[in-house]
Amino acid sequence: MKPFKAIAYIQSLNLGKMNSTEMGEITVLEEIGNNAYKVKINSSGVLCVARFNWFNGSYYADDVYEIIKE
């Protein structure tokens, strides 16, 4: 899989909200499981896990609970 940029809902930007509204740019690096992707959040450089929602065509990056430490 070749890395690519995408727009995603980022968990830390949406804390305390009932619906996700804030989005940011991510770089999808590799697939690490069934619908789980290793991504880098471009604004902060944090590596974390993102999931793709097939129903609305959006990535959801969890930079609060699923941070990847290398």
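Trainee: How many residues does the largest nonpolar core have?

Mentor: The model is predicted, and local features need pLDDT of at least 70, side-chain atom pairs count only at pLDDT 80 or more, while totals for chains, interfaces and linings use all residues. Residues are numbered from 1 along each chain as its sequence is written, and side-chain values use heavy atoms, leaving out hydrogens and water. A nonpolar core is a set of buried Ala, Val, Leu, Ile, Met, Phe, Trp, Tyr and Cys residues joined through side-chain atoms within 4.5 Å, where buried means under 20% relative accessible area, exposed over 50% and partly exposed in between (1.4 Å probe, protein chains only). Those with the most contacts inside this core are I26, V28, Y37, V39, I41, Y59 and A61, and its residue count is 13.

Trainee: Which elements each supply at least two residues of this core?

Mentor: The protein chain has zero helices and five strands; helices (H or I, at least four residues) and strands (E, at least two) are DSSP runs, numbered from the N terminus. The strands that each supply at least two core residues are β1 (4–10), β2 (23–33), β3 (36–41), β4 (47–53) and β5 (58–67).

Trainee: What is the radius of gyration of the protein chain?

Mentor: From the N terminus on, the elements run β-β-β-β-β. The chain is as compact as a globular protein of 70 residues, because its radius of gyration is close to the 11 Å of the globule rule. That rule is 2.2 Å times the number of residues to the power 0.38, and the radius is taken over C-alpha atoms. For this chain the radius is 11 Å.

Trainee: Which residues is Y37 in contact with, leaving aside its neighbours within four places in sequence?

Mentor: Contact means heavy atoms within 4.5 Å. With those neighbours set aside, the partners of Y37 are M1, V28, E30, E31, I32, C48, V49, A50, F52 and Y59.

Trainee: Is S58 buried or exposed?

Mentor: S58 is found in strand β5. Not counting residues up to four places away in sequence, S58 touches Y9, R51, F52 and N53. Its relative accessibility is 11%, so S58 counts as buried.

Trainee: What is the relative accessible area of I7?

Mentor: I7 lies in strand β1. Residues up to four places away in sequence aside, I7 touches M23, G24, E25 and Y59. I7 is partly exposed, and its relative accessible area is 47%.

Trainee: How many Å apart in space are I7 and E31, C-alpha to C-alpha?

Mentor: In sequence, I7 and E31 are 24 residues apart. In space, C-alpha to C-alpha, the separation of I7 and E31 is 17 Å.
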